[in-house]
Amino acid sequence: AEELEYLTLSFEYAPEFHGDAVWHRDHHIDDPVNAHQSQFIHPVVRYWNPKAPTVFVSQDLAEGRTVPRATAVLYLLESVVFDWKIPELHIRPLKSFLKRIRPGAIDIPDEENDTSWMCNTCAI
């Protein structure tokens, strides 16, 4: 069977988003390039290409487990009101991300939190 590329969508909090620290931190991130630093719930779109080299990341250092990292990842900015449709903060970055895979597969995995491809001036 042919291995096809695919996208996954999840809504995530930052790993350290728990306990008293939640209320004592400056959470506001307003630049899509830094969306991977979002603390509150935010969409994460992952692109997987089974044919690309697999990069593994440590998931639990104490256990020594590793998991595959997606070929490319888009973190969208957090929204405490669950509204992800602001053009310059959400729609434009998503369109830029999807334009990367439209002409063909991404064959080389991105570096972690790489946003060099993001187009801040793209027309929506």
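1. Helices (H or I, at least four residues) and strands (E, at least two) are DSSP runs, numbered from the N terminus. The model is predicted: local features need pLDDT of at least 70, side-chain atom pairs count only at pLDDT 80 or more, and totals for chains, interfaces and linings use all residues. Residues are numbered from 1 along each chain as its sequence is written, and side-chain values use heavy atoms, leaving out hydrogens and water.

2. The lining has 34 residues, and Glu 12, Arg 46, Tyr 75, Glu 112 and Asn 113 lie nearest the centre. Strands E2, E3 (55–60), E4 and E5 each give two or more residues to this lining. E5 gives the most, with 4 residues.

3. Now Thr 71. This residue sits in the loop between strand E4 (65–69) and E5. Thr 71 counts as buried because its relative accessibility is 5%, where buried means under 20% relative accessible area with a 1.4 Å probe, protein chains only. Its side chain reaches the backbone nitrogen of Asn 49 at 3.0 Å. Its contacts (heavy atoms within 4.5 Å), leaving aside neighbours within four places in sequence, include Tyr 47, Ile 106 and Asp 110.

4. Last, Phe 97. Not counting residues up to four places away in sequence, Phe 97 touches Leu 7, Val 45, Tyr 47, Ala 72, Val 73, Leu 74 and Trp 117.

Technical notes. Buried < 20%, exposed > 50% of the residue type's maximum accessible area, 1.4 Å probe, protein only. Polar contact = N/O pair within 3.5 Å; in protein donor to acceptor, adjacent residues only side chain to side chain. 1 Å grid on protein atoms, 1.4 Å probe; cavity = no way out; pocket = protein on both sides within 12 Å on 5 of 7 lines; lining within 4 Å.
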